[in-house]
Each structure stands twice: as structure tokens, then as C-alpha cells.
Amino acid sequence: MSTPSAATTSRWRALTHHHLFWPVAVLVALLLVNVPFTPDFFAIRMTDGHLYGSLVSIVLFGSPLILVAVGMTLVIATGGIDLSVGAVVAITGALTCSYISDQADQNALAGVFLAMGIGLVAAVLCGLWNGFLVARMGIQPIIATLIIMVAGRGVAQLITDGKIITINSEPYKLIGGGYWLTLPFSIFVVAAVVAVTVALTRKTALGLLVESVGGNAEASRLVGIRSRRIKIMVYMFCALCAGIAGLMISSNTSAADGNNAGLWIELDAILAVVIGGTSLLGGRFSIGGTVIGALVIQTLTTTIYTIGVPTQTNLVFKAAVVIVVCLLQSPKFRAKVFGAKGRGKPTAPAEPATPADAAPKMEVSR
Amino acid sequence: MSATTKTRTAPEGGTASQTSAITRLLGDRRLPVLVTAALFLAMYITGLSRYQNYGFAEPQVFLNLFIDNGYLLVAAVGATFVIMSGGIDLSVGSLIGFTTMFTAWLVERQGLPLIVVVPLALGVGAFGGFLMGYVIHNFEIQPFIVTLAGLFLFRGLCLVISKESISISDSTVSSLAQTRVPLGLGDLSIGALVALAVLGAAFYVLHYTRFGRRVYAIGGNEQSALLMGLPLGGTKIAVYTVSGFCSALAGLLFMLYIQSGDPLHAVGMELDAIAAVVIGGTLLTGGSGYVIGTLFGVLVLGLIKSIIQFEGTLSSWWTKIATGVLLCAFILIQRAMTARKQT
């Protein structure tokens, strides 16, 4: 019979070794940082039948990022990367808004749905193009998606004629800025997309296929998985997610800005995926981790605003959090800093090992 | 794969030597660079025939490619080292922006002489690269993420120095920027000459030194390199240090070229640098490529820009679209011509 302390230790160890432990720990830590500055940070109040509060707004403003990051997770799981999502966000927003603004009655539901359909089809076509280049032509993903990243913003500006198109459509406003059942509507959109993704990848074999393509595309093909088709589908799905995010962003501001909509969202999305514990090398992924990763990034942004740090230092903080999260996730770093087997208190960082003797250990552990 | 076996099993009569010559050419590691060079030439000739009456044939137009893209060449040479070793450096653009900001601030606001500021800026860049390499190697974090943190950090530091751009009116800077070195047919700026010198040095280091061979070996197969007893960590860290140094130097050249520091200078230039390296035929997986290819990659990107300038009347979004389309055409042609080799 094991002693209680041993049982707690092993449970603790199981907890700390869970793949979501460090992302959640960072998220909680970031949320707690806010409390001394904003005492009612966790308070959620009801005004005009809508829920308001910092937590609600974090999810609200973070929803486009969550969407893009969920799509990006699957692309990264196949060993690829999609740099074009920011441009896809801009294209979708530009197409949809310019179509709505051309209509006589901007509040007509049919017109709004058609506009959204056009935007999303364009997004999926961008994904098809990316997937075609990567899977059929065998071009490295970072370069293949660079094409739309460069050209896409130009296309978006072409659609809006270089201007910022503003629209005044109530139904369209709902997606990114409206409320439904007391909650921001975008939360429901995000929840639906995440639920569908999780159901498709974890309840069917699709997730396994994606991971196997990411693990070794050639081997997967030889065992009969249509790895090219899987890759194309994944890029299309990622672009679709980016398209929905594009609708959300343009709906929230009631405007389409070809130049700035979704700027840098690809980097934030990749960051969210990595914070969530998905390896950039492909072969495994965690949708839950990605959602938490995206929330970490959004919480960080909100925290910086609420604490009153000058906004220009935002990026420096982001860099610091990236490094901290990644260091905490690195087994090598934990071994060096927290001791070999995770025992004891954190000690001072170990002396930098000389490359010569550090190198063999690194390869063995891999 | 099947193509080469077929040509090897069916050599008959007079076509044999011809076939094997083609096979040899297709198997040549230099093919991607040759393809890029040929495409550059084709683009240049197209430009010649199209804009003959607008002075495209002037040798100075060609030399301007070096003057206008010297900083990109230096940054891309740094990126070549990293990519050759199988890594990637996303902090290039930010570091360039930071260097312009840092030097402008020191020269204009603090009144330090340029002779002090230049080594300082280069040192900061190299140290930044060293730190990233140190974290990448010692804590086994993917280069993409560490250098992404570098991207955020240096861009953030730009904004911390100042939110507004600082123009440089220092007399040394402006005289350096205006100096032109005559070369018979035309002239080159100091920045272009420095860029060519960096290219030469990189060529020597990568192809004629032990360090260069280690970079190739690690990019080709890290495991094998390690088993051969190569100093993996030292080389990796050195590669990122080189890239940081090159980015800082590129920042100084950019500062000379544009004579100001701005927190938004060179946003996204890391992608230009990576694109130049890849267009030049270096594989992103590492271990294969030539630094001369990077030169052609930069020249192609520069030529796209100057052709669009000659085309005139195009709005800024057409520039983006044209760059994207040409980049795409380029990648596809290169892919088609090198497809057999890589299978």
C-alpha cells in the first residue's frame, strides 16, 4: 500500500506532465496578474440583457484568432504552415463588404447571406490553391503560402479600390459585434467551429489520418492514405476558418480594410498553436491546446491594456511570454532548471553546458 | 526516380551520350542556381525589349539593382547560412528596423559619432542572434518560435525607443550615403559595395572553410553530423550569430539608403530574405544550395520591382499582385525544372 504522500506526488506528476498543464498554468497566471490592477476582473455583470466583463471581452476579441489558430493547427499537424491566412482574412472581408455595400437594402438577409457565401467561397478557393501548390506541386508550404500572403493583400485592396469600405448592415453586424442569448454571437460561431473540428478529428479517423500524413506523408501514401487529398482538404479548411474570421473582423468594425485587416494574425495563430503544445514538425496536434494558446495571447493583450503599460511595449511583453511558455514546455529546460526528475525547488539556472558535451545528450533524448 | 532509372536502362546507339549528358545535368546540384540565373536573364531580356525606349538598357539600371537591394542582399546572405543549416530566422526584418532606429537614436538624440555607433549596432545584432541560437540549441525549442519571439522583441524595442521616425541629418551619414564609386559603365554606392563584399566573404566561408562544411553537414543530416563528431551546438549558435550580424549590417545599409530610423522600417523583410534564398535554389530543409543562388534570388526580386516601376501607372496594390504572380511563376518554373532531381 503506497503512502498518501507518494500517491499525491504521482498524481501531481501526472498533472504536470499533462500536455495542457503549462498552457493552462500560464493562462491562469496571466488572468491572476490582472486582479491587483482591476479588482473586479473576474466579475461578470448583466446590462441590457447582455453579459459584460473582462472574461467575456477576452473571448469576444479573441474569437477571430481562435478560429484562425484552429485551422492552422490542422495545417501544422500535416507538417505544413499557412502564412496566407492574414491575406485571406482581408480578401473575405473585402469581398463581403463590397458586395453588401452595393446593395440597395443592406439589411436584406438574402443579400447578406449571399455576400458571406461569396466571401467564404473565395477563402476556400485560396485554400484550394495553397493545397494544390503544396500537395500536387510539392512546393514547400512556407513558400507556397507566401504567394497569397504577398498577392492577397493586393487583391483585397483591388476589390475595395484601395479604400476602406464601410457598411451599415444590422444582420451582418451580428456575427462579429452582436449578442445572442446574452452572449456575444461570435462565441457561438467559435464554439460551433471548434466542436465540428473536434468531432471530425477525434470522433472519426480523420484526425488520425492528418497526424499520419504529418508524421510521414510518403509512408502514409504507401499504406493507402490519400495524403495529397488530406493535405488539400486541410489547407481548404484552414482558409475557411480564416474566411469566417475575416467575416467576424469586418463585421465587428463594419468596414473592410484591405491593407490592415488581419495583419500579423498568421504569426499570432502560429504562436497560439505552439503555445498549445502542437509541434511545428507535424504529426500530432491538440485543438484544446490551441484554443488555450489563443486565449493566452488575447489575455496578454488585454492585460497590457488594463494594467496601463504603454501600448508600444506590447510586443516586448509578447516576446517575453513566448519565450517563457516555450521554455516551460521544453523538457530540456525543465530538466536543467528544476532538477533532473522534477524534484525540489527551482534553483538558479544551470551553468551553460559546453556545446560539445551538451550535444550528445540532446540527440539521445530525441 | 522512375525517370532516371528509365534513362539509365535504355541507352542505345547514338542517343546514349546525349541522354547521359541530360541525366548528368538534371542530377547536378547546381541546376537550381542555373535555372534561377537563366530566368533572371530571361526577365532582363524581356525588360530590355519592352522598355528599350525608356533607358532600360543603361548599365546603370542593372547596377541600381545592387544599390537598391544591397541591404536585402546582406540580410539574405545571413538567412542563407541559417537555412543551409536547416533552421529559419524570422527576426531579420525586425532586427533591420531596430538597427535603423537604434543608430538613428544614438546619432541624432545622443550625439554619438558614427564610428562608435556602427560597431555597437553590429555587436547588438550579433549578440541578439547569439542569444536566439543559444536558446534554440540549449533548450531544444524550434527556431521558428524562438526567432518569432525575436521578431516581436526587436519590433517592440523599436517602439520603446520612439514611436515616431527619426530622420538622420548627420553629415557623415549623408556624405557616406551620397558617395558613388565609379565603375566605368556606371557607379555603385557604398552600401552596394559592402553587400558585394559580404557576398564574397560568405561564399568563401561556406565553400572553403571548415565552418562552411559543418553548416552543410548539419543541414544535410544533423544526426550524421553529430555522429561524425562535428560541434553541433557551436555551429548552430554561430549560424544564428552570423544571421544577427548580417541583419544588423543590413540595417545599417538600409539606414544609409533611407537616412532615417523608423519603427516600421523593413516590416516583413524576413520573408523577402527567405524568398530570395529559396528562389536561389536553397532547400528550406537545409544542406543544399549555394550563396550565389541567393544573389540571383535578390536580383530577381529587385528586377520584379524595377520592371513594375518601368511599367508605371500601377497602383500600390498592383505592385503586390504582380510580385505575387511573378513569385508564383518563378517557383513553379523552378519546381518544374528541378522536379526530376528531387523526386
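Let me start with a question: is B:Glu311 buried, partly exposed or exposed? This is a predicted model, so what follows is computed from it. B:Glu311 has a relative accessible area of 32%, which makes it partly exposed.

Its partner is B:Arg50: the two side chains form a salt bridge, 3.0 Å from N to O. B:Glu311 sits in helix 14 (residues 291-311) of chain B and B:Arg50 in helix 3 (residues 31-50) of chain B, so this pair ties together parts 261 residues apart in sequence. B:Arg50 counts as exposed, at 52% relative accessibility.

Next, B:Glu222 and B:Lys236, whose side chains meet in a salt bridge at 3.5 Å, N to O. Here the pair ties together parts 14 residues apart in sequence, because B:Glu222 lies in helix 11 (residues 222-227) of chain B and B:Lys236 in helix 12 (residues 232-258) of chain B. Both residues of this pair, B:Glu222 and B:Lys236, are buried.

Over to chain A. A:Arg221 makes a salt bridge with A:Glu218, with 3.1 Å between the closest N and O atoms. Both are in helix 10 (residues 217-222) of chain A, 3 residues apart, or about one turn of the helix. A:Arg221 is partly exposed at 43% relative accessibility, and A:Glu218 is partly exposed at 43% as well.

How many salt bridges does the structure hold over all chains? The count is 6.

Last item, a positive surface patch: A:Arg136, A:Arg226, A:Arg228 and A:Arg229 form it. A:Arg229 is located in helix 11 (residues 227-253) of chain A and is partly exposed, with a relative accessible area of 48%.

How values were computed:
Residues are numbered from 1 along each chain as its sequence is written. Chains are lettered from A and ligands numbered from 1 in the order in which they are written. This is a predicted model: local features need pLDDT of at least 70, side-chain atom pairs count only at pLDDT 80 or more; totals for chains, interfaces and linings use all residues. Side-chain values use heavy atoms; hydrogens and water are left out. Patches are made of residues with over 30% relative accessible area and no salt bridge: like charges are joined within 9 Å, nonpolar side chains (Val, Leu, Ile, Met, Phe, Trp, Tyr) within 5 Å. Accessible areas come from the Shrake-Rupley method with a 1.4 Å probe; for residues, only the protein chains shown count as cover. A salt bridge is a side-chain nitrogen of Lys or Arg within 4 Å of a carboxyl oxygen of Asp or Glu. Lys and Arg count as positive and Asp and Glu as negative; His and the chain ends are not counted. The place of a charge is taken as NZ of Lys, CZ of Arg, CG of Asp or CD of Glu. Helices (H or I, at least four residues) and strands (E, at least two) are DSSP runs, numbered from the N terminus. Buried means under 20% relative accessible area, exposed over 50%, partly exposed in between (1.4 Å probe, protein chains only).
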